[in-house]
Amino acid sequence: MNYEKRKTVIAGNWKMNKLPSETYDYIKEVASKTENAKCEVVACVPFVNLCAAVEAAKGTHVKIGAENLHFMPSGAFTGEVSAAMLKDLGVEYVIIGHSERRQYFAETDVTVNKKIAAALEAGLKPIVCVGELLEQREQGITKEIVSMQTKIAFAGIDKSAFSSIVIAYEPVWAIGTGKTATSDQAEEVCKIIRDVLCELYDEETAEGTTIQYGGSMNAKNAKELLEKYDVDGGLIGGASLRSDDFATIVKAAE
Ligand code: PGA
């Protein structure tokens with residue numbers, strides 16, 4: 001982390017967990033347990049939980065995010081949710097291009113790019129996920145894969161937008177597997193992403209952008225990961241569902 005240059009962001013990704021009826025109390029719990037947080041605290045929750053989450057977060061430091069959106073502004077897209085709808089609800093962040101969306105819902109680098117543009121247009125802050133598969137790491141092409149994902153994701157995106165963009169490096173083999181990347185592996189790839197931003201934009205943009213690590217980050221390993229210079233926070237799945245663990249991670253970001 002580098003507090004001087006960029007914002008540290010600890011974001012929970014609830015995935016398809018917790019009921020709408022459990023959400024209000026849980027967000028209140030997270031808010032009180034992370035009250036003195038020095039970093040940005042975000043909870044990204046399922047669409048149907050958003051109303052309760054936004055309500056509970058009012059007057060607290062906790063920001064609410066969605067886990068996905070559609071890139072079209074409106075129209076005949078049954079079952080989809082637009083950026084403007086999220087904004088209207090009081091949502092601030094949105095996860096884009098999570099590997100589960102890429103794997104199970106046919107999301108591609110190109111749709112990720114369109115979704116980032118739609119989110120920014122509506123005034124939402126995208127948390128853009130990139131990361132390699134296990135086979136790709138074993139083939140030694142992590143750098144190529146992550147660089148390509150980053151380049152396509154931000155095609156046509158102006159550098160002025162980077163004050164509201166967060167990138168999450170999430171090695172797919174580490175997600176939900178209990179197999180965390182070592183802090184050196186996390187640092188190495190976060191640095192690769194930063195170098196790509198420098199190539200695409202400039203040093204100032206690269207140094208100012210928050211790049212999180214995600215993938216089995218938990219109360220025990222968070223501190224070591226967050227101590228790395230290029231790791232500016234975490235995108236937390238499993239451990240964000242337990243308020244004590246999540247609060248410990250937020251504390252580790254100090
Ligand atoms: P995990 O999920 O912490 O459960 O590995 C992280 C994520 O998918 O964002």
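Val42 stands opposite Lys63 in strand E3, where strands count as paired if DSSP finds at least two bridges between them. The model is a predicted one, in which local features need pLDDT of at least 70 and side-chain atom pairs count only at pLDDT 80 or more, while totals for chains, interfaces and linings use all residues. Residues are numbered from 1 along each chain as its sequence is written, and side-chain values use heavy atoms, with hydrogens and water left out. Helices (H or I, at least four residues) and strands (E, at least two) are DSSP runs, numbered from the N terminus.

**Barrel and strand pairing**

- Eight strands close into a barrel with parallel pairing, in the order E1-E2-E3-E4-E5-E6-E7-E8; neighbouring strands of this sheet are turned by 25 degrees against each other on average, direction ignored.
- Axes are lines fitted to C-alpha atoms, for helices over the stretch in contact, and angles run from 0 to 180 degrees between N-to-C directions.
- Strands E3 and E4 pair in the parallel sense over two bridges, with Gly65 standing opposite Tyr93 in E4.
- Strands E4 and E5 are likewise paired in the parallel sense, over four bridges, and here Val94 stands opposite Pro126 in E5.
- Four bridges also join E5 to E6, which run parallel, and Val128 stands opposite Ile167 in E6.

**Burial of the strands and packing of the helices**

- From strand E4 (residues 93–96), Tyr93 and Ile95 point one way and Val94 and Ile96 the other way, and all are buried, buried meaning under 20% relative accessible area, exposed over 50% and partly exposed in between (1.4 Å probe, protein chains only).
- In strand E5, six of its six residues are buried, and both faces are covered, with Lys125, Ile127 and Cys129 on one side and Pro126, Val128 and Val130 on the other.
- Helix H7 (residues 142–153) lies across strand E5 (125–130) and strand E6 (166–169), running at about 155 degrees to E5.
- Helix H11 (residues 243–252) has Ser243, Phe246, Ala247, Ile249, Val250 and Ala252 as its buried residues, and these pack against strand E1 (9–13), H1, E2, H10 and strand E8 (233–236).

- Leu226 has its place in helix H10 (residues 222–226) and is buried, with a relative accessible area of 0%.
- Leaving aside neighbours within four places in sequence, Leu226 is in contact (heavy atoms within 4.5 Å) with Met1, Ile10, Met217, Val231, Gly233, Gly234, Ile249, Ala252 and Ala253; the C-alpha atoms of Leu226 and Ala252, 26 residues apart along the chain, are separated by 7.3 Å.
- Thr23, in helix H1 (residues 20–33), is buried with a relative accessible area of 0% and touches Trp14, Asn49, Ala52 and Ala53, not counting residues up to four places away in sequence.
- The side chain of Thr23 also makes a polar contact with the side chain of Asn49 (3.0 Å); such a contact is a pair of N or O atoms within 3.5 Å, where within protein one must be able to donate a hydrogen and the other to accept it, and residues adjacent in sequence count only if both atoms are side-chain atoms.
- Lys58, found in the loop between helix H2 (50–57) and E3, is exposed, with a relative accessible area of 52%, and its C-alpha atom is separated by 9.6 Å from that of Lys28, 30 residues apart along the chain.

**Cysteines**

- The structure holds zero disulfides, a disulfide being a pair of cysteine sulfur atoms within 2.5 Å. Cys39 is in no disulfide, and the nearest cysteine sulfur, that of Cys44, is 14 Å away.
- Cys39 is buried, with a relative accessible area of 9%, whereas Cys198 is partly exposed, with a relative accessible area of 32%.

**Ligand surroundings**

- Of the 13 residues around the ligand, Lys15, His98, Glu170, Gly176 and Ser216 come nearest; a residue is counted as near if one of its heavy atoms lies within 4 Å of the molecule or strand concerned.
- An N or O atom in the side chain of Lys15 is 2.7 Å from an oxygen atom of the ligand.
- A backbone N or O atom of Gly237 lies 2.9 Å from a ligand oxygen atom, and a polar backbone atom of Gly238 is 2.9 Å from an oxygen atom of the ligand.
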